[in-house]
Amino acid sequence: MRLLKMIVNKNKYNDMKKIVTIALMLILAQTAVMAQKAKSVNERDVPEKYVRDFQRKGIDAKNLRWSMVDSLIYDATYENENGNTVSYRFSPKGTETRYYVEEKYYPHAIKDTIEENYPKHKISELYVLSIKNKMTYQVRIAKKSGLFCRKEKDVKLLNFEADGKLIDVVDF
């Protein structure tokens with residue numbers, strides 16, 4: 001009888017060990033997926049042309065951070081003299097400038113469009129996008145999922161004209 005109790009307890013221990021192992025594997029897998037967005041890099045690892053292009057702009061950048069989006073696309077993100085976040089995206093196609101907008105300054109027309117058409121989504125970032133002197137808004141929205149994580153699902157990128165008119169929606 002005592003031997004039988006030992007076997008049952010050992011099986012419970014092994015089952016618990018399996019559960020903990022699986023939970024840890026899931027957490028690690030989720031962390032790896034979340035980390036795949038953009039990779040921080042040192043300035044010396046950024047193509048020289050992009051660094052020169054950024055320096056030519058004569059910007060007094062506070063907290064400059066470089067990140068690699070993919071092998072040909074790099075972002076230079078910093079805080080300007082007003083404390084606002086600005087990002088330049090350098091690629092073979094040219095340079096984009098992104099001026100991130102604080103939530104309290106989101107345009108009402110854009111907020112209203114999102115609330116009407118995507119009531120379960122939340123804005124995760126909103127910025128003014130400038131490409132060759134054409135200004136538009138880009139808004140990244142998503143539904144949050146998971147209890148203890150910031151995993152997003154049903155991610156969309158909405159493009160708006162400067163007056164707040166929706167141009168298009170891209171699903172991720």
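## Ground rules

This is a predicted model: local features need pLDDT of at least 70, side-chain atom pairs count only at pLDDT 80 or more, and totals for chains, interfaces and linings use all residues. Residues are numbered from 1 along each chain as its sequence is written, and side-chain values use heavy atoms, without hydrogens or water.

## Helix α2

Helix α2 spans residues 48-56. Helices are DSSP runs of H or I, at least four residues, and strands are runs of E, at least two, numbered from the N terminus. In α2, Y50, V51, D53 and F54 are buried (under 20% relative accessible area with a 1.4 Å probe, protein chains only; exposed means over 50%). Seen down the axis, these buried residues fall within an arc of 160 degrees, so they line one face of the helix. The arc uses directions from the helix axis to the C-beta atoms.

The face turned away from the buried side carries exposed E48, Q55 and R56. The cover over the buried residues includes β2 (62-70), β3 (73-79) and β4 (85-91). After α2 comes G58, with a positive phi near 65 degrees.

## The second largest pocket

Which residues lie nearest the centre of the second largest pocket? They are S91, G94, T95, E96 and I131, out of 16 lining residues. β4, β5 (94-100) and β6 (122-131) each give two or more residues to this lining. β5 gives the largest share, five residues.

Terms used
Contact = heavy atoms within 4.5 Å. 1 Å grid on protein atoms, 1.4 Å probe; cavity = no way out; pocket = protein on both sides within 12 Å on 5 of 7 lines; lining within 4 Å.
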